[in-house]
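Please read the report below alongside the sequence and the three-dimensional view, moving between the text and the model as each part is described.

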Amino acid sequence: MVCGGTGCRAAASDTIDENLKEELKSRNLENDVQVVTTGCFGFCEKGPIVKSLPDNTFYTEVKPGDASDIVKEHVIKGRKVERLLYKDPNKKTTVADSKDMGFYKKQLRIALRNCGFIDPENIEEYIARDGYEALGKALLEMTPADVIEQVKASKIRGRGGGGFPAGLKWQFAANNKADQKYVVCNADEGDPGAFMDRSILEGDPHSVLEAMTICGYSTGATKGLIYIRAEYPLAIKRLNIAIDQAREFGLLGEDILGSGFDFDVELRFGAGAFVCGEETALIHSMEGERGEPTIKPPFPAESGYLGKPTNVNNVETFANIPAILNQGAEWFAGIGNEKSTGTKVFALAGKINNVGLIEVPMGTTLREVIFEIGGGIKDGKKFKAVQTGGPSGGCLTEEHLDTPIDFDNLLAAGSMMGSGGMIVMDEDDCMVSVSKFYLDFTVEESCGKCAPCRIGNKRLHELLNKITEGKATRQDLEILRNQSEVIKDTALCGLGQTSPNPILSTMDNFWEEYVAHVDDQKCPAGQCKDLMNYIIDEENCVGCTACARVCPVGAITGERKQLHEIDTSLCIKCGACMEKCKFNAIFIK
Amino acid sequence: MSKIKSLAELKKMKSELRNKVTLREKGDHPESLVQVRVGMATSGIASGAKEVYNYLADELEKRNIDAVVTQTGDMGYSYAEPTIEVTLPGKEPIVFGWVDTRKADEIIEKYIRNEELVDGIIPQNYETIDDRK
């Protein structure tokens with residue numbers, strides 16, 4: 001198997017493929033040994049990769065010329081080509097079997113344990129993989145207090161972004177006495193580019209139902225509600241099927257597993273407002289009120305849905321619970337690091353080769369995620385920044401790449417964990433435009449209740465516009481920073497308090513880019529249309545007139561076979577001329 | 001289906017279901033089933049997983065191959081959707097990416113019929129809970 005990932009292909013893996021095939025053919029082995037290309041192994045740093053089956057031999061940094069050695073030695077004589085084997089950097093020994101490589105232990109699937117393995121519409125497949133066993137254990141062998149102790153001991157923190165210890169939250173809800181309590185699952189996933197919760201609900205809905213029932217038992221609630229966006233139709237369909245099946249099997253409803261405990265789950269649909277991911281706004285939305293947050297306290301654990309004690313957790317938090325009870329809290333607490341235990345699911349997106357859904361133990365570094373699991377930056381471009389935490393998070397740079405991913409380290413670096421969106425940017429991304437993109441989002445999603453968020457973010461957005469148009473002054477930059485700080489301190493809820501984060505973190509890490517926009521009216525990444533000019537290169541232009549003919553506004557003039565010129569006052573910067581030019585004679589300045 | 005009334009009943013059901021699955025996956029009789037899973041979360045479906053699912057189900061039957069095709073959730077390889085996992089009797093499962101109906105045809109003819117590998121294998125790069133136990 002020859003890696004056909006972008007990184008390896010750039011290092012001539014396709015020639016390796018051809019050479020191997022030829023070498024085999026010349027020895028009449030083409031029918032006995034097959035050569036196939038694969039998707040990215042994710043080990044691009046040591047590429048190109050060639051793996052041989054069935055012995056799992058893993059060759060790294062293979063060159064086209066190595067093909068004959070691999071065939072001669074490995075295939076014919078059955079001896080491993082020692083010099084191409086992966087060398088363990090710590091032990092300085094070679095590793096022949098890929099299963100022994102530390103690299104393969106980068107990802108660990110706990111929340112995603114069933115996602116992509118079972119048929120989500122068939123409860124039997126879930127049960128065959130330990131499904132509902134944690135519930136049985138909790139209901140029949142543990143007291144509610146025992147369950148809470150286990151969750152506390154696992155030290156799991158809320159996966160929705162806040163990172164509040166889930167065990168404590170359960171404890172608060174359990175402590176409050178009431179005739180009726182509720183368990184709510186927050187499935188209002190709203191960060192741009194994030195699809196962790198959707199994937200869990202679509203791939204393993206029963207794990208969430210099971211965990212909600214366990215939570216109900218330990219907190220004394222008998223009703224569960226899942227608040228989910230109406231724009232997730234497939235997740236809703238599969239949840240409904242799962243709820244019906246669980247009821248049919250007696251795993252939801254009255255007297256679950258003969259324990260005398262009753263619990264049932266219903267769905268509540270949201271119209272897709274970002275602020276409804278905030279738990280008080282979410283509860284108001286479920287009550288049929290406007291989806292606006294209210295000041296805490298009172299916390300939902302005291303007075304939540306319909307004024308009753310309510311425990312709200314995120315989808316991913318719930319998905320971890322059955323595994324914690326089945327494998328033990330200590331096992332879970334042993335994964336990750338001291339203050340952030342377990343794993344985190346990320347939706348890896350942006351300018352990265354292996355866009356996808358990943359789950360890594362806490363403490364994995366950004367570098368490992370981006371360059372090893374993610375396969376590095378697209379088209380061999382240079383890494384510039386990684387955005388975590390969605391519109392509330394920040395951008396981290398090259399110098400942060402070795403930061404371990406956990407709640408506290410990301411916060412210390414100026415970003416946050418968030419719910420798990422991770423967007424990678426390359427050298428062509430303008431950081432001012434990136435913060436403008438996030439502000440676009442928060443301005444749109446602000447519920448309008450408090451002035452700092454409603455008015456302040458709008459002002460921030462205007463300032464960013466001014467900067468990208470090259471009309472801002474140094475004073476504007478100062479106002480931008482001050483106002484960001486004020487909004488952070490004074491906004492009512494999490495949305496407003498975190499909305500200036502993308503600006504602050506990019507100002508901290510990419511200050512020179514802001515300055516370039518203001519002082520020199522230049523966009524270093526060449527993204528801000530108002531700040532760039534298309535220029536014709538005198539040396540390369542042959543006067544073919546192709547650019548002049550394609551220009552929609554007639555801004556290009558010049559005689560045949562003569563140097564052409566662009567009138568920058570007419571140019572609308574559409575880029576059509578540059579695309580058309582066959583002589584690389586048009587560039588952006 | 002009658003309700004499950006105790007933990008013991010649940011456990012019994014689990015081991016029965018497991019045996020059923022194990023028989024299906026590890027059976028060494030030539031007559032045992034080929035198992036195909038199609039990743040059908042929103043992203044998979046958007047890339048055409050439904051067509052691939054229907055194609056595989058129809059074609060495997062037409063070509064008299066004893067197989068069961070099921071849907072599953074997101075396997076995580078968004079860059080290579082649609083993705084399918086094929087488990088031949090007694091073999092480790094293999095995931096193929098970028099599967100359209102043409103690729104599916106190639107997989108049936110080459111891999112499922114003759115155990116010949118085809119391009120587009122996605123290497124597994126994660127551990128599961130069971131690996132860590």
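## Cis peptide bonds

Pro82(B) sits in the loop between S2 and strand S3 (84-87) of chain B, where helices (H or I, at least four residues) and strands (E, at least two) are DSSP runs numbered from the N terminus. The peptide bond that joins Glu81(B) to Pro82(B) is cis, with omega at about -10 degrees. In chain A, a cis peptide bond links Lys296(A) and Pro297(A), with omega of about -5 degrees, and Pro297(A) belongs to the loop between helix H11 (279-286) and S11 of chain A.

## Basis of the model

This is a predicted model, in which local features need pLDDT of at least 70 and side-chain atom pairs count only at pLDDT 80 or more, while totals for chains, interfaces and linings use all residues. Residues are numbered from 1 along each chain as its sequence is written, and chains are lettered from A and ligands numbered from 1 in the order in which they are written.

## Residues with positive phi

Most residues other than glycine have a negative phi, and most peptide bonds are trans. Asn64(B), in the loop between helix H3 (49-62) and S2 of chain B, has a positive phi near 55 degrees although it is a residue other than glycine. Asn64(B) counts as exposed, with 7 C-beta neighbours inside 10 Å; a residue is buried if 20 or more other C-beta atoms, placed from the backbone, lie within 10 Å of its own, exposed if 12 or fewer, and partly exposed in between.

Glu61(A), which is not a glycine either, has a positive phi of about 45 degrees and is placed in the loop between strand S4 (57-59) and helix H3 (67-77) of chain A. Glu61(A) is partly exposed, with 15 other C-beta atoms within 10 Å.

Chain B contains five helices and six strands, which run α-β-α-α-β-β-β-α-β-β-α from the N terminus on. Of its 133 residues, 39% count as buried. Chain B is divided into domain 1 (1-27) and domain 2 (33-132), with bounds that come from an automatic or database domain assignment, and the C-alpha centres of these two domains lie 25 Å apart.

The contact between the chains takes 41 residues from chain B and 50 residues from chain A, two residues being in contact if their C-beta atoms, placed from the backbone, lie within 7 Å. On the side of chain B that touches chain A, the largest share, seven residues, comes from H1(B). Strand S7 (residues 108-109) of chain A and S6(B) pair in the parallel sense over two bridges, pairing being assigned if DSSP finds at least two bridges between two strands. Within this pairing, Glu127(B) in S6(B) is the bridge partner of Leu108(A).

## The open sheet of chain A

Four strands of chain A form an open sheet with parallel pairing, in the order S10-S9-S8-S11. Strand S10 (264-270) and strand S11 (310-314) stand at the edges, each with a single partner strand, so one side of each is left without a neighbour in the sheet. Strand S9 (residues 223-229) of chain A pairs with S10(A) in the parallel sense over seven bridges, and Ile228(A) stands opposite Phe269(A) in S10(A).
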